[in-house]
Amino acid sequence: MDICVIGAGYVGLVTSACLAYLGNHVTAVEANPERLGSLQKGLVPFFEPGLQEFVQQTSESGFLLFSDDLDQAVKRAQIIFIAVGTPSLPNGEPDLSQVMVVARSIGSALDAKHRRIIVNKSTVPVGSGNWVEMLVSQGVQNSQPVPARSARPEAPSFVVVSNPEFLREGSAIADSFYPDRIVVGSTDEQAIAVMKNLYKPIVNQSFDVPSLAPRPKDFSAVPFVVTDLASAELIKYSANAFLAMKISFANEIAGLCEKVGADVSQVTQGIGLDYRIGKAFLNAGVGWGGSCFGKDVSALMQVAKEYNYPTSLLEATVAVNERQRLVVIKKLQDELKILKGRTVGLMGLSFKPNTDDLRDAPALTIAYQLLKMGASVKAYDPVSNERCKILHPTLDIQYCDSSEDLASDTDALVLVTEWEQFKRLDWKKLAKSMRWPLLIDGRNALSEEDITLAGMTYRGVGR
Ligand SMILES: NC(=O)c1ccc[n+]([C@@H]2O[C@H](COP(=O)([O-])OP(=O)(O)OC[C@H]3O[C@@H](n4cnc5c(N)ncnc54)[C@H](O)[C@@H]3O)[C@@H](O)[C@H]2O)c1
């Protein structure tokens, strides 16, 4: 099939490469000239494991092209994916300006040669499918010459469907080939049939397994869930809100564990073994972050507000998370008493391991708060130091090239992002180079025993 994907960020680029791998002709349209230039040279402009090789491979095979010519890409395509960003506005509402521009441009580019399917892959509020349809129609009208009475041109035909994306940064390629489900929101029989056909190799797992993303053991068919438009849009927001709520729940229990002398790791293990609850997303720590949870929970609350519907659970989810980001500061104060003039080393900056994404990263909140309190901050992240320097030029921290460099002359280390390499450090050596051998494990990811044996004071969360 001929496919156009608009927006070559984390979602658009991974989607483009995966669909190209499955044998579709994909044009990924990117408006940012730097990002596009880099992709046309075969370089992925952000870090996602395996994506560089995968994009190179699919581009070399001729199935994946990069362009800034939306008009041509739309004209060629049978299916047009919208995968642009929908960040939060300061009031919590999603900023849909990128979607708006793209929808109108698609409308202007459409011709009447065949019926197009326009797929909303960006995370958008309930009702956006209808809104995009209206914008595309406006684009169509604006591009049509005023017809002579006798020569009325045939109007382009299109349908808008929702196909929310559930991939996780850090495992995006595997998540695309082996998803828990594929959701398509539409009541248009033809569109559903085309989408089913597009995803058939994934649903049936009939593709040649790429060496970069081996199929998990016992993985079989993928549920293809067809819903109406509004339900598909709500599924995406509800899924993220539920995951954020699970983490906030674990964090609330962690606080209580500290009061009563229980260990949250044991508590969450005990509750997670109940199949109705499940083990995932019950890790206590410095809280959730990233490009999706915060903005999607806020957007969901905003939708509810429009209907004057209370969302107490969502509000609590956010409040617990805001409080949780600062628990490490309280722990530092408990141990070091005065933070002014202290040097604290942050292990990790990205919002989670295996990505360089710094959007809404807890490390940034912690760093700004420590600086405000008069401490010096050092930081080492295996991949996002450079990105942080560029995106946060006013963040006055000392960037380090290794864990050893980070530990040297610090009064405390704080594990903020649980990169694998932080789990295999020579703690004895690090302890010797520190002014005060204190480690705050903000992710409960390290062995308390190993760290204590190395002569350091260990403080976890809820332990
Ligand atoms: N990142 C994730 O993990 C994730 C997961 C699931 C869903 N989502 C959703 O997917 C959407 C995209 O997220 P992302 O993280 O890939 O965003 P992103 O900001 O990384 O990428 C968006 C891309 O779209 C490009 N763009 C903007 N306007 C354009 C235009 N007019 N023409 C062509 N390109 C244009 C931008 O330059 C950018 O490269 C968002 O709605 C997000 O909520 C993201």
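How many salt bridges does a search of the whole structure find? The search finds 21 salt bridges, each being a side-chain nitrogen of Lys or Arg within 4 Å of a carboxyl oxygen of Asp or Glu. The model is predicted, so local features need pLDDT of at least 70 and side-chain atom pairs count only at pLDDT 80 or more, while totals for chains, interfaces and linings use all residues. Residues are numbered from 1 along each chain as its sequence is written, and side-chain values use heavy atoms, with hydrogens and water left out.

One of the salt bridges joins the side chains of glutamate 169 and arginine 359, at 3.6 Å from N to O. The two residues lie 190 residues apart: glutamate 169 is in the loop between β6 (158-162) and α7 (172-177), and arginine 359 is in the loop between β9 (343-347) and α14 (362-372). Helices (H or I, at least four residues) and strands (E, at least two) are DSSP runs, numbered from the N terminus.

The whole structure holds one cavity of 30 Å³ or more. On a 1 Å grid over the protein atoms alone, a cavity is a set of points where a 1.4 Å probe fits but cannot get out, and lining residues have an atom within 4 Å of a point. The largest cavity contains about 50 Å³ of space, a volume being the space filled by probe spheres set on the grid points, which are joined across faces, edges and corners. Its lining includes Asn120, Pro164 and Glu233. Helix α9 (residues 229-260) supplies the largest share of this lining, three residues.

Key:
On a 1 Å grid over the protein atoms alone, a cavity is a set of points where a 1.4 Å probe fits but cannot get out, and a pocket is an open set with protein on both sides within 12 Å along at least five of seven lines; lining residues have an atom within 4 Å of a point.
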